[in-house]
Structures are given as structure tokens and as C-alpha cells.
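Here is a brief structural report.

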Amino acid sequence: MNNHYENHACGSFEHFSRRSILRLAGLSGLSWLTPLATTLARDAESKQTTHAKSVIVLWLEGAPSQLETFDPHPGTEIAAGSKARKTNVDGILLGEGFEQTAEQMHSISLIRALTSKEGDHNRAIYNIKTGFRPDPTLVHPAIGSMICHQLNEEADAKVDIPRHVSILPGPSPGRGGYLGDAYDAFKIFDPQNPVPDVKARVEQHRQLKRLDDLRVIDNEFLRGRQNNRVVQGSLGNHNLDAALQMMSSEQIRAFDVSTVPKEARLQFGDTPFGRGCLAAVRLIETGVRCVEVTLDGWDTHANNHELQAGRIDILDPALASLIKELKKRDLLDSTIVVCGGEFGRTPWVNPVGGRDHWPHGFSIAIAGGGIQGGRVVGASSPNPKRDGNAEDRTKELQNSHPVEDVHATIYDALGIDYEQELDTPVGRPMQICKGKPITELF
Amino acid sequence: MNLNAWTKNLFFIGLAVIGFATLTVFLMATDRVAAPESFAPSSKAQFAILNVAKTVDASFKQEWNQKDLGMQAAGRADDLTIARRLSLGLTGTVPSLQEIREFESQEPQDRIHWWVSHLLEDRRTSNHLAERFTRAFVGVDDGPFILYRRRRFVKWLGDQIHDNVRYDQIVRQLLTGEGLWTDSPSVNFYTVTIGDTEQPDPVRLAGRTSRALLGMRIDCLQCHDDFLGTINLGSADDPTGGMQTDFHSLAAFFAQTNVSLLGIKDGGDKEYQYQLLEADEESVISPKVPFNQELVDDNISSLQKQLAEWVVHPENRPFARATVNRVWAIMCGKPLVEPVDDIPLEGPFPQAMEVLADDLVNNNFDLQRLIRTIAETEAFQRDSRADFEITDQHVENWKVFPLIRLRPDQVAGAAIQSTSFTTIDATAHIITRLTQFGQQNDFVERYGDAGEDEFAARGETVTQRLLMLNGEMIDDRLTTPLNSPVRVSVLSPNTEQAIETVYLATLTRRPTAPELTHFKSQLDQLQGTERTKKILDIYWTLVNSIEFVWNH
């Protein structure tokens, strides 16, 4: 059997899930063992009683090349000279530049045959950030928005800072969509700079007087509209209180990585993205539910190998250090880390050394939150046919998954009933996610 | 000191006094706003518009009677509130102090007519309306690199609106344009849909045409027949359930639209093929409009032209209704039928929509006339407050003016304009306009663009609140010496005048007695820089108020 088409697992008994034990029983013909297997499986499952709590998305905007990152095919024509490196999990290769991530492979799994029906950046970004294709009559919420909407527990009330954060946002940070703008991601830039807009522009006594005056003016406006039942609940200054709470909260320090010792900071790389990943850990520890950190520059229509290598140099230390730091702080079991872009890049190199858009089998890395490390789900063909439509190309993949399956996997791990329907503001019932969890990851 | 030195000193003092006086006059009177050429209060056209506006109001009242809702309605809002609504709706910003003074100098009975005439001749209005229509026609995405030029499209549309080109003619150009996306900007309607196939996408074009031009959401028919009974096609008198083939038959009109190095072209004999839900393979689907088939001119050979003539046909009511609904939404922040692009073919329709659609069709699809008519209706001019409890029923039936949160671009536009005495329009200094352009874009990016669906209800975010409280743009607008906040402090002859100026500039109204007392007691005690700081603080307070970010 071709090695490219295998699913890898680390094999440790502690990684056996109920599903895998049942599958083992079924596949081996030992169906008589099913009651025992069920008992064993339930026991295994009971050990994992807590769901994941939060998500960190390392968003690689522009679409990384799967062949130079998470799905190398060294020595083949489609590699076009790019090399691979072994990892600390037998049989799993990464792109050449992932020196540090290769050492964390036992904690990371790869999904290697993702498919999307969108080959345009904007539309594909929407698709992978929301789990739905663009619909001109509706804006779907980004995954971080949905998580904040669904997970609102006692601990969330103690979080003074926004629970959905986008660091170094590109043009399409996560939006609340039909859930409302309140679920939009809070945007910050390089964490070595102060968080924008959280410091009053005038000295405190003047600020307090301004706020006193503001209440006088607002009350005057609201007084004339107290009998308006239509805007009750939306007409008010609720966010003023939330904003002031955030401005005075100690939790705001979570954004500030300058207090982290230099040595620890530099492990993530001396880059805005590396600092963003470090800030992400601190924010998750503070109670933030979803942090997205963007690394752009992956749209390599020319000079692919060199440009991808430059991006990987930034990604590798940040990703590896993020996993290590989460482990060190005992947060990896409760935090899902996802790393990928909107689609992949063509297996063939174009005349200017670039790879173009390829939504017909691309890869992401995923770790933490109960997801087992050291596994590979799905495989792409090492010698895809040049001609063919999307359907033909999907047939060349093994165990492929549409992007919404990643969403279902994450929601499932967080304990969110992803099949439930929510009503949009116009009363249209919408399922949270139409994908299916990728069970092999657990 | 000799006589010569005294002369020089007196000359200098004189110059200073003249300079100060000039600045004071600038504050108090400012430049006159040019009289709008189309302002003709006694003209036949204006009488006709007022008559249509009365018919619209009568139709609302007739509906209240029919629905047994009673005749209780809010009174008329004051002139300045109506002026603010019009300015926000048509230009995306608030009136300048300069404009307010000119507005108030008009005869009370002519003010609204004067104001609408002034705004319709202002390039800000055509630019603003063009951006609103552009969002419906091509969306907000960047689109395909090289092949798509959104800015050119907006500029082209703005020119058409400014020149008051018939709206049906604009739509004809949109649907039948050929050529390069740079030289023939209307073809960006097509090029924005170019995707993987490297050709315009008939499916996306069908969806756009239906929603933006006909006010009908039939997108779900792309994948399946309507099983919810929410989409009726056929004809208004004889509706039939929406079928998947209805959508793809509309898409088939775009099958022969192709792109090459010469740009967009219509022609050839390419047929539209699609694999329907229950089919085993693709089949050829012929072009067919989803309703009012009798209005199609079979003598037109070009599919694009055939479709265009059908869309804008005077008897194709969904086109006129969609236009009225969108313009109403742009002016009021809320359409007559919600969502703005989902008007059922068979109704029911608000009678006001039918009156306005008739008038639009009978008057050469004149958008400016439509805007003038809406502005003159009682419905548009009603107060958002009432002495009775306001419920959904009152708002849905336009018995009060709805309270609508401003869009991000309106918040930015209002914040920038309110800190300038003079109008930031096409005649403003280039540096002023460049500054405004940069500040507005930065602000909207951080505040969060409303996207394509601009008329959906939105909430405020913590990010937005923080940006207003502590953001760079607001602070910069307040503290830059050349902007009005600092100048109000220096030039206002007395405290009352200073407070009134700040209120007019920001909220387009004068302070209430309690508000005036509140701030006067604070300002009267201060002098010099402390007074200036306090005036800046009042500005900041008003810009951060709830009232500032709502259209009322």
C-alpha cells in the first residue's frame, strides 16, 4: 500500500477512543467483543469528561502551499525540488523548514485532503472562516463568534476583555454575522505596541468629568424615547460600561508581551506573528475563547519555494513554541490550535516558479483540546492528473473532508451541539455547522 | 517712542483687529452656500412632487384604516432634524454649520425643498448614492485581480447619478456593457464574478440581477426547488412555486457573456448547461425569465439586451418596486419592505410603494424626483418621538420615524464634518479632502464596515465604543487648531454662543434649556486654555453621545 494513503496514529493505548475501539472490534471481526469493547470505550471516554474550552487559529492568509508545509511529496514531480524533513513521529514528514515543529509532531495532527469549492481568496476565506460558502442573503458568523455565542458560562462573565480576538488582522477578521456585531473579533496589531484605544486621551479627572457630562446628555436623549418599545435593549450605552470596564481591567495586561522575559519571548521568533502567538497563550489563559493570529504573504503565484520558505521561517518557531507553551501552562488539553489557510496551491509550478490556487486537496495542522497528536487524516495523490474537473480531483484524494468538517470537529470538541439550528434575525433557521466531525483525530 | 513707531504699532493693532473681526464674521456667518439651481418652490414640477407626496401619505393612512390601526401618529419633526436625516441619507454625513445657517435663512415653507435641491447638486450625494448602489450591484469584495476595478465602477455610477441619467438607462448600461473594465466601467458588474472558470459566472449574475435589480431573493433555487412556499414566480396574478429551473433559466441569459483581452463581450452560441438536483448529468437549459414572460421582446437577438429590456420594462413592476424600496432605505435607513431585496412577487405591497413606483415609471425613472418626493412626505418628516407608547406596529406602518443606528461610514462622516465649520465637499481644499478621505477610511476599517447588507439592524461593539472614546481620529479632529473645536473657544463672543455652536455642529440642534444650564455653569467659571479644554470636552461628549450615532 502506498504510504501516502495511510492514516497514522501514535498507537498509545491512552489514545484509544470509544470510536476507535468500536472500529477495531468491528474491523477485526470480533463483533462478539462488542459489549466488552463498549465497556472499555465508555471507560476511556469517561476519562475525558471535560471538553475543550478555547481555540487558537493560526491564520495563514493567502493560502500556503501544502507541498512545502504539511503535505510534502519529496522526490516526486509535484515537489518540484522542494524537500521534506522527518518528524518525531515515524512516517510523518513536514516541509523542510519546520525544524522546531517536527519536534512537536507527537502533539499535532494533520488533515491532508481538505476540499473547498471556492478558489477565489475572498470567497474561500469566508468559506473556511465560517464553514459556509458565501451566501448573498446572509452573513454567517466566524467560528470564533459562534464559539463565544455558544459558550457563555459563569467564568465568561469574569472576563473583562473581549472573548474573541484577532491579532494582526487581515482584511477579513472574524465577524459575528447574523449573531450580531457584538461577536465581531476585537482587533489588535503587533503586541509589542500598546492595545489600541484603551487609554483615555485626557487626564483622569477630566475624563471623569467628560463621562459625567456624557450621562447627562444621554439621559436627555433617552428620556424622550423611554416609551419606544422597539429599540428598548439596543438604545443605550451598555458598551460604554463594557469599554470602561476593559480600560480599567488588569486583564488587559494579557495583550502586553513586553513583560515576558526576552528569552521566552524570542523563542516564538522576533516577529509580530511570534509575539501574536505568545499573546494568544496569555489571552487564552485569561479566559478569552478564541484568538486568531494572522500571518499573511502566502499567495505565491511567482517564486513559490523561496517565498514559502520565508513564511515558514516565521511560522515554525511560533507554532512549535505555542504548542510547548500551552503544554507548559497545562492549557493544551483545553485549547484547540488550528493552523492553515483558505486553500492550497497547485501541484504544478507555473512558468514563473509559482504555484496557483488549489482548493482540491490541501492541508491544515490541528492540535490540543482532546485531539490526538501524531496522526494524519487523508492523503493527496503524489501524481495528480493535470486535466480534470473538481470532481475528478476529489476522486484522487483519499479520505477527503470538506472544510466544514473541521468546524464540526472543533465544535464537537468544545461540546457545542453543532447540528442545532439558530434563528437568524429574519427568522431563517440555520444549522450551526453542516459538517461532520473527523473522528480519526480523537 | 516717535511718531513713526506709534504709526507702525497702530497699523499692527488695526491689522490684528481686522483679522480677528474677519475670523469672527467667518464663525458667525461664514461663506454663503451657493443657491441651488434646481430650487424652484413655485414650479409645476415641485407642485407635482408635493401632490405625489400627499398621495403617499394618504395611502399610508388608508392602510392604517384598513388594518384598523387607528390614526395615532407622531407629529412633524423640527426642520433641523429633517435636514440631518436628509444629509445622513444622501451624503452620509451631518450638515455643516455653514449649511445650517443657510438652511435657516430660507423661508420656513421652502426649507426642505431648498435643502434637497442643495444636496442633489452636491457631488457628495452622487458619490454616496453610487457607493450604496454599488454594494447592491457588485458587493464589497476586492474581486478578481486586474479584471475588476471597483473604484471605476463607483465613479461611473456617481457620474450617472449626478447627471440624473434615467435609472432604467443606467441599468441598461449595466447589463449590456461591453469592453474593458477600465474604459467601460459598467462591465465590472460582470468581471467581479469571474472565478475559477475565468469567465463571468452566470449563477452569481442571476442572483445579483434578481436581488439588486428586481428586489427578489431567489438564490435558494440555485440548488433546489422552493419547498418552503416562500418564493412565487410566474406572474403576480397567477403565481407558481419557484423551481430550480427558474433560477438557471435566468442564469442562461448570461451564458454567452464572455471575457477576453478585449474585455466583456456578448455573443456566440454557447449554451447554458447545469446538472439539476435530481438529474444524473448536465443538461442544456434555455434562457427564460422567471416571471412576466409576456414582456420579453423575442426580436432582440442578444441575450444580454433581451434580458436588460425585460428588466427595465415599464410594466415589469418588480424593477420599479425594487428601486423605490432601495431609495427609501437609503434615505430612511429602513426599507418599506424588509429585507430591502426581498419583495414577494405577489405582494402584499405597501400602497406607498405602489404610488412611488407608478410615479417613477411615469416620470422617466427619475431618481432625483423620487428622492424629492420621499423627502416631502409626512412619513419621512415625522418625529421619532411620540406622546404614546411606540411599538413595532407604529414603526412598521411609518407612524413614527424609525430610530436607526448610523452605519460606520456615517459615523465617520459625521465626526469629521462636525469638527469643521465649513462644508467638506468637492469645493473644499484638496488637503482637507485628502485628510478626510484618509481619516474616514482608517476609521471605518477599525470600526468595521457594514458590508453588503447595509440595512440590517446592527449592534454596537466594544471596539466601536473604544474607538469613539479614545480613538486617534476623534482626538485629532478635536485638537487640531484649524478645526472648529479650538476655534469655537477663541472666536465665540459668549458662552451661550459657544455651546450652541458645538451643539449645532455635532447634533444639528440647539441645546435644551437644562443642557445649556449644565454646560454654561461650567464654562462661565473658566478662562483661557481651561475654557478651550472645556469646549473640547463638550465636543467630545456630544460626539460620544448616543444621539450622535443614531438617525432619529
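The sections below go from conventions to details.

## Basis

This is a predicted model: local features need pLDDT of at least 70, side-chain atom pairs count only at pLDDT 80 or more, and totals for chains, interfaces and linings use all residues. Residues are numbered from 1 along each chain as its sequence is written, with chains lettered from A and ligands numbered from 1 in the order in which they are written.

## Chain A

Chain A has twelve helices and 15 strands. Helices (H or I, at least four residues) and strands (E, at least two) are DSSP runs, numbered from the N terminus.

Chain A has 442 residues, and 51% count as buried. Buried means 20 or more other C-beta atoms within 10 Å of the residue's own, with C-beta atoms placed from the backbone.

## Domains of chain B

An automatic or database assignment sets the domain bounds. In chain B it gives domain 1 (1-30), domain 2 (79-121 + 316-396), domain 3 (125-311) and domain 4 (404-551). The C-alpha centres of domains 2 and 4 of chain B are 25 Å apart.

Contact here means C-beta atoms, placed from the backbone, within 7 Å. On that basis, 20 residues of domain 2 of chain B meet 19 of domain 4 of chain B. On the domain 2 side, α3(B) gives the most, with six residues.

## Nonpolar core

A nonpolar core joins buried Ala, Val, Leu, Ile, Met, Phe, Trp, Tyr and Cys residues through C-beta atoms within 7 Å. The largest has 254 residues; Leu58(A) and Ala280(A) touch the most other members. Helix α13 (residues 317-332) of chain B supplies the largest share, nine residues.

Beyond four places in sequence, the contacts of Leu58(A) include Val293(A), Leu319(A) and Cys339(A).

Note on methods. Buried ≥ 20, exposed ≤ 12 C-beta atoms within 10 Å, placed from the backbone. Contact = placed C-beta atoms within 7 Å.
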